[in-house]
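Open the model in your viewer and keep the selection tool at hand. Each stop below says what to select and what is there.

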Amino acid sequence: MTPPPAAPSSGSSVPDPTPADASLAPGRPRDAVEEIAEILTSARYCIALTGAGISAESGIPTFRGKDGLWTKHGEPPLNQYQQFWNDPAAWWRSVKRRRENPDELSAALREALPNDAHFAMATLEQLGVLRHTITQNVDNLHRLAGLRELTEIHGNSHFLRCIDCNARTPFDEVPEALPPACAACGGLLKTDTVMFGEPIPRDALDECINQTRMCDCMLLVGTSAVVYPAAGFPVDVKMSGGRLIEVNPNETPLTEMSDIVLRAPAGEALPLVMSRIREIAEA
Ligand code: NAD
Ligand code: ZN
């Protein structure tokens with residue numbers, strides 16, 4: 001994947017985008033909603049890239065940003081996958097302890113429900129405007145909202161994955177025998193969530209690359225765009241002549257190369273975009 005260029009190209013961002021003033025004040029970002037609706041409906045193949053920000057309004061904290069978990073508590077160890085390999089049974093016992101005594105993120109991941117942004121994206125897919133979504137989120141909320149064409153590049157915390165055959169199965173309870181084995185091939189099971197140090201599963205990465213190649217318009221929602229390889233997909237779209245639309249209350253490394261920026265929480269912005277597109281479709 002290509003890193004972001006040092007000298008970004010100019011975009012037609014909505015002016016005066018301060019986070020404190022980021023909600024959709026009447027009169028100001030309406031033009032951006034209109035322009036986004038036009039870009040989305042005229043695109044040949046539009047896909048979305050979403051990050052933790054789209055689920056913030058569902059009560060799941062982000063990692064970075066003002067109330068981010070890493071901002072508050074510091075970054076976790078980078079050798080998580082190595083720890084899993086060193087002793088899979090011990091790693092599984094720690095998963096069991098965390099389920100019995102959940103931390104802030106684990107508790108939120110188990111209880112959260114989709115918000116208006118997730119539902120608006122599912123409707124955009126039903127309207128034929130959004131062809132695929134790549135999410136970095138592990139929270140299952142796009143699926144719960146009814147989105148169907150989805151690649152979860154960092155996995156899904158509600159599933160287990162076999163490290164040999166990649167088979168995914170629902171994760172309801174911690175299995176009795178630890179570490180658990182795959183029913184299909186006997187391989188070692190882990191949670192589907194991709195850990196630090198773990199390669200992105202090949203099937204998910206291939207799908208992301210395919211979708212990015214086909215895409216001429218990418219909707220970026222709630223991602224700080226600093227985690228690779230996902231952060232490279234929009235850059236690839238831009239370099240091949242596609243258009244980028246960013247929905248985020250804060251500036252990101254992709255802001256300057258975006259064709260249009262809507263500085264608002266996703267739960268406010270996407271329903272407006274979706275309603276406008278529905279109006280266009282019904283006209
Ligand atoms: P991030 O935490 O690095 O950045 C979050 C982004 O969302 C920021 O740019 C912030 O300005 C924006 N944001 C905050 N509130 C928003 C809102 N209401 N609407 C729209 N945007 C909003 O998130 P990231 O870029 O996804 O990267 C972090 C990694 O952490 C990802 O790989 C992801 O797997 C993981 N993560 C996932 C979840 C989840 O599944 N919900 C939660 C935390 C972290
Ligand atoms: Zn298997």
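Predicted model: local features only at pLDDT ≥ 70, side-chain atom pairs only at ≥ 80, totals over all residues.

Residues are numbered from 1 along each chain as its sequence is written, and chains are lettered from A and ligands numbered from 1 in the order in which they are written.

**Whole chain.** Colour by secondary structure: the chain has ten helices and nine strands. Helices (H or I, at least four residues) and strands (E, at least two) are DSSP runs, numbered from the N terminus. Of the 283 residues, 39% count as buried. A residue is buried if 20 or more other C-beta atoms lie within 10 Å of its own, exposed if 12 or fewer, and partly exposed in between, with C-beta atoms placed from the backbone.

**Ligand 1.** Select ligand 1 and the 29 residues around it; Gly51, Gly53, Thr62, Asn137 and Gly222 come nearest. A residue belongs here if its C-beta atom, placed from the backbone, lies within 6 Å of the molecule. The shell has eleven nonpolar, 15 polar and three charged residues. Ala, Val, Leu, Ile, Met, Phe, Trp, Tyr, Cys and Pro count as nonpolar, Asp, Glu, Lys and Arg as charged, and the others, Gly among them, as polar.

**Helices H6 and H10.** Next select residues 116-126 (H6) and 266-282 (H10), whose axes come within 7 Å and cross at roughly 25°. Axes are lines fitted to C-alpha atoms, for helices over the stretch in contact, and angles run from 0 to 180 degrees between N-to-C directions. H6 and H10 are therefore roughly parallel to each other (angles under 35 degrees count as such).

**Leu178 and Pro179.** Move to the loop between strand E5 (168-170) and strand E6 (189-191), where Leu178 is placed. A cis peptide bond joins Leu178 and Pro179, with omega about 0°. Leu178 counts as partly exposed, because it has 15 C-beta neighbours inside 10 Å.

**Ala225 and Pro229.** Pro229 is in the loop between strand E7 (217-221) and helix H9 (232-239), and a cis peptide bond joins Tyr228 to Pro229, with omega about 10°. Ala225 lies in the loop between E7 and H9 too. Its phi is positive, near 55°. With 24 C-beta neighbours inside 10 Å, Ala225 counts as buried.

Technical notes
Parallel < 35°, antiparallel > 145°, perpendicular 65-115°, else oblique.
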